[in-house]
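Subject: A structure for you to look at

Hi there,

Here is the structure I promised to pass on. Please open it next to this email and follow along as you read.

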Amino acid sequence: MKILFELVGYIVYAAMAVLALWGAFCAVVVWRRVGQVRFRDEEDQEEFLAELDGHIQKHDWEGALELCEDDRRALPQLAIYAVEHRDQGAARVQRRLWERFQQDIMADIEHRMSWVSTVAKSGPMIGLFGTVLGMMGAFDNLSSGAKVDPGQMAKDIMFALITTAIGLAIAVPLVIMSNSINVRLRKMEDLVTLGMTRLAESIKAALGRG
């Protein structure tokens, strides 16, 4: 029985280590991804839109595409689609821009964020499993009928406390980071939404004059 408890204990430690690494990896990937696809602030986005609008109002569609093609941020990539499909009409283009933003940008980020949330919730649960396992080992020591081994009991209780602490150590930083990422996501969505609206209006105005 003791060997079984030790084996399961090692499995719990391994599972928590893998969980912590995966959660940290997903959180870092999402943080970097959001940083890669958004403008630093509204002023930075306005500078880009002003330059893009200058090309659009002159009907310099090639210039607009050249401005955007090497920029991997969300709005420039969406602008490429808008310029290439400008003949579909501003309303349709704006609707398709929002759909592409959700499919190409947000879907991947939200997928990663779901893993961060899952790890943050699973860490304490696995820690609780380790706690129960440690207490089971301690009670098994008490109920063995032989002389109680204080060292083994202390080891079992220590295992229970360590797994609880590790579970919380996994969850707390991920919850904090998850909230920080969500704030950045909301700001990015707001900026991109404003940018798509202005882009659609700019194309509409240029085509109306054409």
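Which residues does Asp156 touch, not counting residues up to four places away in sequence? They are Gly134, Gly137 and Ala138, where a contact means heavy atoms within 4.5 Å.

Before we go on, two notes on how to read the model. It is a predicted model, in which local features need pLDDT of at least 70 and side-chain atom pairs count only at pLDDT 80 or more, while totals for chains, interfaces and linings use all residues. Residues are numbered from 1 along each chain as its sequence is written, and side-chain values use heavy atoms, with hydrogens and water left out.

Back to Asp156, which sits in helix H6. Helices here are DSSP runs (H or I, at least four residues), numbered from the N terminus. Asp156 is buried but has no salt bridge. Buried means under 20% relative accessible area, exposed means over 50%, and partly exposed lies in between (1.4 Å probe, protein chains only). A salt bridge is a side-chain nitrogen of Lys or Arg within 4 Å of a carboxyl oxygen of Asp or Glu. For Asp156, the nearest side chain of opposite charge is Lys155, 6.8 Å away; Lys and Arg count as positive, Asp and Glu as negative, and His and the chain ends are not counted.

Thr131, in helix H5, is also worth a click. Thr131 touches Ala160, Thr163 and Thr164, again leaving out residues up to four places away in sequence. Thr131 counts as buried because its relative accessible area is 19%.

Next, the nonpolar cores. A nonpolar core is a set of buried Ala, Val, Leu, Ile, Met, Phe, Trp, Tyr and Cys residues joined through side-chain atoms within 4.5 Å. The largest one has 35 residues, and Phe101 and Met188 have the most contacts inside it. At least two residues of this core come from each of the helices H1 (2–37), H2 (42–57), H3 (61–69), H4 (74–84), H5 (90–142) and H6 (150–209). Another core, of 13 residues, lies apart from it and includes Met16, Leu19, Cys26 and Ile170. Among the residues that Met188 touches beyond four places in sequence are Val34, Phe101 and Ile109.

H5 gives the largest share, three residues. Ile157, in helix H6, counts as partly exposed because its relative accessibility is 34%.

Finally, the charged pairs. Side chains of opposite charge can pair when their charged atoms come close. The structure holds eight salt bridges. One of them joins Glu46 and Arg198 (2.2 Å, N to O), linking helix H2 to helix H6 across 152 residues. Another joins Asp104 and Arg100, with the closest N and O atoms 3.4 Å apart; both lie in helix H5, four residues apart, about one turn of the helix. Arg186 and Glu189 also meet in a salt bridge (2.6 Å, N to O). In this pair, Arg186 is partly exposed, at 40% relative accessible area, whereas Glu189 is buried, at 14%. Salt bridges that share partners also join Arg40, Asp44, Asp71 and Arg73 into one network.

Enjoy exploring!

Best wishes
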